[in-house]
Amino acid sequence: MLQQSDFHHYGLATPIYTHFTSPIRRYADIIVHRLLAACIGADATYPSLLDKKASTALCYNLNYRNRQAQYAGRASVALHTHLFFR
């Protein structure tokens, strides 16, 4: 649901870019692998991933939860630093 120009990678100077790692690492990476498989017809197990609105909502939720996990990690470091110096 984004414009193709939003997929560029400034640092690599490439017009279209995606990045994912091993699907055992993160749920977001599993979703990318499933979506790619559905797009090329290699797997029909998750046809709902081809629904743009559902995929957009899923990506929003994944990004939200990732941010919340980062905030929780930072808060944990701050708390333990405070407790250490207390």
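Visitor: What makes D51 a cap at the N-terminal end of α2?
Guide: A side-chain oxygen of D51 lies 3.1 Å from the backbone nitrogen of K53. A polar contact is a pair of N or O atoms within 3.5 Å; within protein, one must be able to donate a hydrogen and the other to accept it, and residues adjacent in sequence count only if both atoms are side-chain atoms. The 3.1 Å between D51 and K53 is within 3.5 Å, so the distance meets the limit.

Visitor: What kind of model is this?
Guide: This is a predicted model: local features need pLDDT of at least 70, side-chain atom pairs count only at pLDDT 80 or more, and totals for chains, interfaces and linings use all residues. Residues are numbered from 1 along each chain as its sequence is written, and side-chain values use heavy atoms, with hydrogens and water left out.

Visitor: How many helices and strands does the protein chain have?
Guide: There are two helices and zero strands. Helices (H or I, at least four residues) and strands (E, at least two) are DSSP runs, numbered from the N terminus.

Visitor: How do you know that the length of α2 agrees with its number of residues?
Guide: The expected span of a helix is 1.5 Å times one less than its number of residues. Helix α2 covers residues 52–85, 34 residues, so it should span 50 Å, and its end C-alpha atoms are 50 Å apart.

Visitor: Why is A38 called buried?
Guide: Buried means under 20% relative accessible area, exposed over 50%, and partly exposed in between (1.4 Å probe, protein chains only). A38 has 13% relative accessibility, so it counts as buried. A38 is in helix α1, where D29, I31 and A37 are buried as well. The buried residues of α1 pack against α2. Of the 86 residues of the protein chain, 8% count as buried.

Visitor: Which residues is A38 in contact with, leaving aside neighbours within four places in sequence?
Guide: They are D43, Y46 and L50; contact means heavy atoms within 4.5 Å.

Visitor: Why is M1 called exposed?
Guide: M1 has 65% relative accessibility, so it counts as exposed. M1 lies in the segment before α1 (27–39). Yet M1 touches K52, K53 and T56, not counting residues up to four places away in sequence. M1 and K52 are 51 residues apart in sequence and 6.8 Å apart in space, C-alpha to C-alpha.

Visitor: What makes R26 and D29 a salt bridge?
Guide: A salt bridge is a side-chain nitrogen of Lys or Arg within 4 Å of a carboxyl oxygen of Asp or Glu. In R26 and D29 the closest N and O atoms are 3.3 Å apart, so the pair qualifies. The structure holds one salt bridge. At 45% relative accessibility R26 counts as partly exposed, whereas D29, at 2%, counts as buried.

Visitor: Why is the aromatic pair of F84 and F85 called edge-to-face?
Guide: Rings of Phe, Tyr and Trp (its six-membered ring) pair if their centres lie within 6.5 Å; planes under 30 degrees apart count as stacked, over 60 as edge-to-face and the rest as tilted. By this rule the count comes to one aromatic pair. In F84 and F85 the centres are 5.0 Å apart and the planes are at 80°, so the pair is edge-to-face. Both F84 and F85 are exposed.
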